[in-house]
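Please look at the sequence and the model before reading on.

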Amino acid sequence: MKTISVEEIENTVADLCKQANLRLPPDVVARIRQAGKEELSPVGREVLDQILENAQRASDTGVSLCQDGGVTIVFAEIGQDVHIVGGSFEEAVNAGIQKGYQSAHLRGSILDSPFHGKNTGFNAPGVIHTKLTMGDDLRIRVMPKGGGADNMSQLKMLVPAAGVEGIRTFVLDVVEQAGPNACPPLIVGVGIGGTFDSVAQLAKHALLRAVGEPNPDAEIAKFEAELLTDINKLGIGPMGLGGTTTAIAVHVETHPLHMASLPVAVNLQCHSARVQTAVL
Amino acid sequence: MNHWKLTLPAKKQAFAQLRAGDRVLLSGTFITARDEAHQRLYDLALEGKPWPIDVAGELIYYVGPSPGFGAFAVGAAGPTTSSRMDSFTPLMLERGAAATMGKGYRGPQVKDAMLRHGAVYFVAIGGVGALLGSRIVRREVIAYEDLGPEAIARVWVEEFPAFVAFDVLGNDIYAQQDEWRQTKSKG
């Protein structure tokens, strides 16, 4: 049994929010740098250069990578032997988001309601996903998810007869329709299986994987590689200005499913693919 | 493809020489406004009421910057998706706005209005907010302060990098995608 206070959770989330918004993770930087060497369009290369320059500038100055700190998505894996004391976990996470966004001078992008909502001013509340795990660790991952890319994401309940080709067509359609709006080069998160509600979460969860790390299942990994090749033939290019780098990775996650269903969700992540992790 | 240095606001003739795909470095001043600010101006126009700002001759940049701090006039200040402003843009151009700037495609009604009014559309690179924000040296809110980052502001810029996306002849930068496309578009 490990005891963790809500203050510790709040401070950890605050720090993760700040770090996530100021630092482009090294796996993303490395993949963008690589893409810069492979991109055939000069305009595309210039866009990729600006992305790298921006990452450097954000890290040097403390100005956030993007003005859109997004919806703060918090994935928490809570060990069964963790005892959280001193208050509510959810309130602590939201207090951490507020503290982190305010102390790092980040924009508040969250309205308190879809109906004539007012900006809460400090980007809370976030969207919190919790999962129980074995052991006594509390693992917290923070992903600021920009509005532009989330807006272009889609979910479809395919018929099983659509099969792998149906999934491929749908993923390509989503990327094509997103065009420049999702801020390519993208990481494309694909969830397949489960149910209407769970498949979207699967797609989002796929974005947490280290960029370009293949699915451990060889067949799925092959499908990921094929999709990446197909997407990069669309011509959309960095920021939609034309080129051969439309995505830097495709991550597919699957779940067992009803024999009558084939749910597919495509969650797009912009090039500002921000994630930070802490373990308490 | 040309490189231009433009000082804003500029006469429409200065925009007429630009071609889609050209790179520009913008200096001088322009106006920032996005979703809610456009909605309010649009509503005022419908009610026949005067506007709190004059857009004649101005470039309107679709941005909601993160707050400035220390020596920074603004924090990150990259473009937002322009198409959300499409339904309001013809009215802005009718009232004399010379150019708009954001990211992404524009709809046919906006392109028609641009051609009619001799206006152009620029795109800046989305998600490079720290870089673009560093080119904004001063920001003054000129209307709707209650909107916070969405307030209408005048900004002073030095060598703000952008691309010409739609020119007065109707050329569109996004047509460049076709040059790199190796698969057939699905119907």
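## Residues and chains in the predicted model

A:Leu257 counts as partly exposed because its relative accessible area is 41%, where buried means under 20%, exposed over 50% and partly exposed in between, with a 1.4 Å probe and protein chains only. This residue belongs to strand β8 of chain A; helices (H or I, at least four residues) and strands (E, at least two) are DSSP runs, numbered from the N terminus. Leaving aside neighbours within four places in sequence, A:Leu257 is in contact with A:Gly193, A:Gly194, A:Leu262 and A:Pro263, contact meaning heavy atoms within 4.5 Å.

This is a predicted model, in which local features need pLDDT of at least 70 and side-chain atom pairs count only at pLDDT 80 or more, while totals for chains, interfaces and linings use all residues. Residues are numbered from 1 along each chain as its sequence is written, chains are lettered from A and ligands numbered from 1 in the order in which they are written, and side-chain values use heavy atoms, with hydrogens and water left out.

A:Ala225 lies in helix α8 of chain A, and with a relative accessible area of 44% this alanine is partly exposed. Two C-alpha separations, one from each of these residues, are set out here.

| C-alpha pair | Places apart along the chain | Separation |
|---|---|---|
| A:Ala225 and A:Ala249 | 24 residues | 8.3 Å |
| A:Leu257 and A:Val199 | 58 residues | 9.9 Å |

A:Thr245 sits in the loop between α8 (218–231) and β8 (247–257) of chain A, and this threonine counts as buried because its relative accessibility is 7%. The side chains of A:Thr245 and A:Glu39 are joined by a polar contact of 2.7 Å, a polar contact being a pair of N or O atoms within 3.5 Å, of which, within protein, one must be able to donate a hydrogen and the other to accept it, and for which residues adjacent in sequence count only if both atoms are side-chain atoms. Not counting residues up to four places away in sequence, A:Thr245 touches A:Ala35, A:Glu39, A:Leu48, A:Pro185, A:Asn232, A:Gly237 and A:Pro238.

Chain A as a whole contains eight helices and ten strands. Its radius of gyration is 19 Å, which agrees with the value near 19 Å that a compact globule of 280 residues would have; the radius is taken over C-alpha atoms, and the globule rule is 2.2 Å times the number of residues to the power 0.38. The C-alpha trace of chain A spans about 55 × 50 × 40 Å along its principal axes, and 55% of the 280 residues are buried. Among contacts in chain A between residues at least 6 apart in sequence, 82% join residues at least 24 apart.

Chain B holds six helices and seven strands, which follow one another from the N terminus as β-α-β-α-β-α-β-α-β-α-β-β-α. For its 187 residues a compact globule would have a radius of gyration near 16 Å, and the 16 Å of chain B agrees. Along its principal axes the C-alpha trace of chain B spans about 50 × 40 × 35 Å, and buried residues make up 54% of the 187 residues. Among contacts in chain B between residues at least 6 apart in sequence, 61% join residues at least 24 apart.
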